[in-house]
Amino acid sequence: MQDEKVFIAELLHPKTQNTAFQKLLREYQRPLYNHIRNIVLNHDDADDVLQNTFVKIFQYLKDFKGDSKLFSWMYRIATNEAITFINQKAKKHNTTSEALQTKLVDNLKADSYFDGNEIQLKLQKAIALLPEKQQLVFKMKYFEEIKYEEMSEILGTSVGALKASYHHAVKKIEDFMNGN
Amino acid sequence: MKNFTLDNKPKIKPGFTVPENYFATLSEKINDKLPKEAPKVITFYRRKKVWIYSFAAVVVVSLSVLLVQQFNTQPSLDSEFLENYISQNTSVSQDDIIELLEQEDIEKLKVDYNIEEDLIEETLINSSDLEHYLTN
């Protein structure tokens, strides 16, 4: 993306705001969708959360201080929206978010927008058994290939702690895949 | 499954798909959800208020014009009339005026005729009437 400061100024100026926001949508709709889908698993839920995420990005752009990258800031909003969504859904179904994750993975087999093979499904099951933070770190590192430094800006966690989380997650997943 | 490792290539993908044309129509859906600036609504009362203010302004301007014209039509005093009036109706004597003047002002009032004595004598000789006026 072009010089970020110039782009942010375009996003804030009433005359250029619309064009700049359409550009932002085109650029980030796929990566943010993938990020949200990896958390909420279901397409319809991911669609809802993604739309709300972009609406919030638009609303809060004026408050964006530029302390972090626009990319990290948007990912932070998307992550918060997705986790809030999962927690609310768990509360609605009178269950924990971990139990809900397992249930969502079980539903993947019948999901018309999931075409994973047996190994892919098993990996999803292994991930669902991890603590929430390890799940998030694993998905962002393994599926989305986000660098630790960027992940640190998004999640507000030190690079060292993220690396430790990832290695714990990898160990547990490999044990699950080999043991079952 | 034995000896599974996540370092194996290629990586395992999440396995998710999206409906056809999902991303092509997404921006339109999001744009519809964006908060729009509410158009400014001018209420009937506000319109009425504007008319009241406009009418009041017209009245004030009209009155001002009339008043200015009224002042301008009053007869102006000409300076000759004023001078005569003062000289006839004033109780201020010449001495009072001199008292009010500074020494410097009095000096300025003095007229130096600078007439030569020979010229006066000659003039007096040539015009007998003048001698008559002077002596009487």
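1. Helices here are DSSP runs of H or I with at least four residues and strands are DSSP runs of E with at least two, both numbered from the N terminus. On that basis chain B has seven helices and zero strands, and along the sequence its pattern reads α-α-α-α-α-α-α. The model is a predicted one, in which local features need pLDDT of at least 70 and side-chain atom pairs count only at pLDDT 80 or more, while totals for chains, interfaces and linings use all residues. Residues are numbered from 1 along each chain as its sequence is written, and chains are lettered from A and ligands numbered from 1 in the order in which they are written.

2. A residue is called buried if 20 or more other C-beta atoms, placed from the backbone, lie within 10 Å of its own, exposed if 12 or fewer do, and partly exposed in between. Of the 136 residues of chain B, 3% count as buried.

3. The two chains touch one another, where contact between residues means that their C-beta atoms, placed from the backbone, lie within 7 Å. Chain A gives 26 residues to this contact and chain B gives 23. The chain B side consists of 13 nonpolar, five polar and five charged residues, with Ala, Val, Leu, Ile, Met, Phe, Trp, Tyr, Cys and Pro taken as nonpolar, Asp, Glu, Lys and Arg as charged, and the others, Gly among them, as polar.

4. A nonpolar core is a set of buried Ala, Val, Leu, Ile, Met, Phe, Trp, Tyr and Cys residues joined through C-beta atoms within 7 Å. The largest such core has 44 residues, of which Leu32(A), Ile36(A), Val40(A), Leu50(A), Met74(A) and Ala82(A) touch the most other members. Its largest share, eight residues, comes from H2(A), and at least three residues come from each of domain 1 (1–95) and domain 2 (116–180) of chain A, the domain bounds being taken from an automatic or database domain assignment. In soluble globular proteins, nonpolar side chains tend to be buried together.

5. Leaving aside neighbours within four places in sequence, Ile36(A) is in contact with Ala46(A), Val49(A), Leu50(A), Thr53(A), Ala78(A) and Ala82(A). Ile39(A), which belongs to helix H2 (residues 17–40) of chain A, touches Ala82(A), Ile83(A) and Ile86(A) when residues up to four places away are not counted. Ile39(A) is buried because 22 other C-beta atoms lie within 10 Å. Its C-alpha atom is separated by 9.7 Å from that of Met140(A), which is 101 residues apart from it along the chain.

6. In chain A, the axes of helix H8 (residues 148–155) and helix H9 (residues 159–179) come within 9 Å and cross at roughly 105 degrees, where axes are lines fitted to C-alpha atoms, for helices over the stretch in contact, and angles run from 0 to 180 degrees between N-to-C directions. H8(A) is therefore roughly perpendicular to H9(A), since angles of 65 to 115 degrees count as such, those under 35 as roughly parallel, those over 145 as roughly antiparallel and the rest as oblique. Tyr148(A), Glu149(A), Met151(A) and Ser152(A) of H8(A) meet Val159(A), Leu162(A) and Lys163(A) of H9(A).

7. Some backbone details deserve a check. Most residues other than glycine have a negative phi, and most peptide bonds are trans. Glu145(A), in the loop between helix H7 (132–143) and H8 of chain A, has a positive phi of about 55 degrees. Asn21(B), in the segment before H1 of chain B, has a positive phi near 60 degrees. The peptide bond from Lys9(B) to Pro10(B) is cis, with omega near -5 degrees.
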